[in-house]
Amino acid sequence: MRRERGSDRGLRISHTAYPTAYLLRLRGNALPAAGRNLAAAFDCAAGWGLPLIVDLSALDFGDEELLGHLVDARRTSGVTLVGPLSDSFRRRLETAGVTALFTIHLDVAAALGR
């Protein structure tokens, strides 16, 4: 299953369900205006009950709301990130002191264990 949704401010979110994981792919800018779409995407992913993979390789900017969703999702189902991460989002993880909470793979195939 694959689905894509966009926000008014340039964040595109695609969803793909795999047998062993649920993938959210974020492209563009996760600004405050994208909050409702971002919350809905993480809620949808949680509903599948699968480990979550979040592909941030095409994310230009991620705000503290995105960081909060990632940390919350990690507490409930585990989260693997796909990068490379933008410099600004990598700094956000470092500043928040949560970088070590996440495994970061260089592509989706590696995150899926293929």
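1. Two strands are taken as paired if DSSP finds at least two bridges between them. The model is predicted, and the pairings below are read from it on that basis. In β3, Arg 27 is the bridge partner of Arg 12. The pairing of strand β2 (residues 12–17) with β3 is antiparallel and runs over six bridges. Another point on this pairing is His 15, which stands opposite Leu 24 in β3. Four residues lie between β2 and β3, and the two strands form a hairpin.

2. On its other pairing, β3 is joined to strand β4 (residues 52–62) by eight bridges, and these two strands run parallel. Leu 24 takes part here too: its bridge partner in β4 is Val 54. Leu 24 of β3 can therefore be followed in both directions, to His 15 and to Val 54, given that pairing rests on DSSP bridges.

3. How much of β2 and β3 is covered? Strand β3 (residues 22–30) is mostly covered, with seven of its nine residues buried. β2 is also mostly covered, and five of its six residues are buried.

4. β4 pairs with β5 as well, in the parallel sense and over four bridges. Ile 53 stands opposite Thr 80 in β5. Both faces of β5 are covered. Val 79 and Leu 81 lie on one side, Thr 80 and Val 82 on the other, and all are buried.

5. Ala 58 is placed in strand β4. Is Ala 58 buried or partly exposed? Its relative accessibility is 33%, so Ala 58 counts as partly exposed; the buried class would need a value under 20%. Not counting residues up to four places away in sequence, Ala 58 touches Leu 26, Arg 27 and Gly 28. From Ala 58 to Leu 26 the C-alpha separation is 6.6 Å, with the two residues 32 apart in sequence.

6. Helix α2 has 13 residues. The reach from its first C-alpha to its last is 19 Å, close to the 18 Å expected at 1.5 Å a residue. Buried in α2 are Leu 66, Leu 67, His 69, Leu 70, Val 71 and Ala 73. The elements against which the buried residues of α2 pack are β3, α1 (35–47), β4, β5 and α3.

7. Two packed helices are described by the angle between their axes and the distance between the axes. For helix α2 (residues 64–76) and helix α3 (residues 87–96), the axes come within 11 Å and cross at roughly 65 degrees. The crossing of α2 and α3 is right-handed. On the α2 side the contact is made by Glu 64, Leu 66, Leu 67 and Leu 70, and on the α3 side by Phe 89, Arg 92, Leu 93 and Ala 96. Sorted by class, the contact of α2 with α3 holds six nonpolar residues, two charged residues and no polar ones.

8. Thr 95 belongs to helix α3. Its relative accessibility is 72%, so Thr 95 counts as exposed, a class that starts over 50%. Thr 95 and Leu 70 are 15 Å apart in space, C-alpha to C-alpha, and 25 residues apart in sequence.

9. Which peptide bond is cis? The bond that joins Gly 83 and Pro 84 is a cis peptide bond, with omega about 15 degrees. Most peptide bonds are trans. Pro 84 sits in the loop between β5 (79–82) and α3.

10. Which residues does His 105 contact, leaving aside its neighbours within four places in sequence? They are Thr 80, Leu 81, Val 82, Gly 83, Ala 110 and Ala 111. His 105 lies in strand β6 (residues 103–105). His 105 counts as partly exposed because its relative accessibility is 24%. The C-alpha atoms of His 105 and Gly 62 are separated by 18 Å, and the two residues are 43 apart along the chain.

Notes:
Residues are numbered from 1 along each chain as its sequence is written. This is a predicted model: local features need pLDDT of at least 70, side-chain atom pairs count only at pLDDT 80 or more; totals for chains, interfaces and linings use all residues. Side-chain values use heavy atoms; hydrogens and water are left out. Axes are lines fitted to C-alpha atoms, for helices over the stretch in contact, and angles run from 0 to 180 degrees between N-to-C directions. A crossing is left-handed if the near helix is turned anticlockwise from the far one by less than a right angle, and right-handed if clockwise. Contact means heavy atoms within 4.5 Å. Ala, Val, Leu, Ile, Met, Phe, Trp, Tyr, Cys and Pro count as nonpolar, Asp, Glu, Lys and Arg as charged, and the others, Gly among them, as polar. Buried means under 20% relative accessible area, exposed over 50%, partly exposed in between (1.4 Å probe, protein chains only). The expected span of a helix is 1.5 Å times one less than its number of residues.
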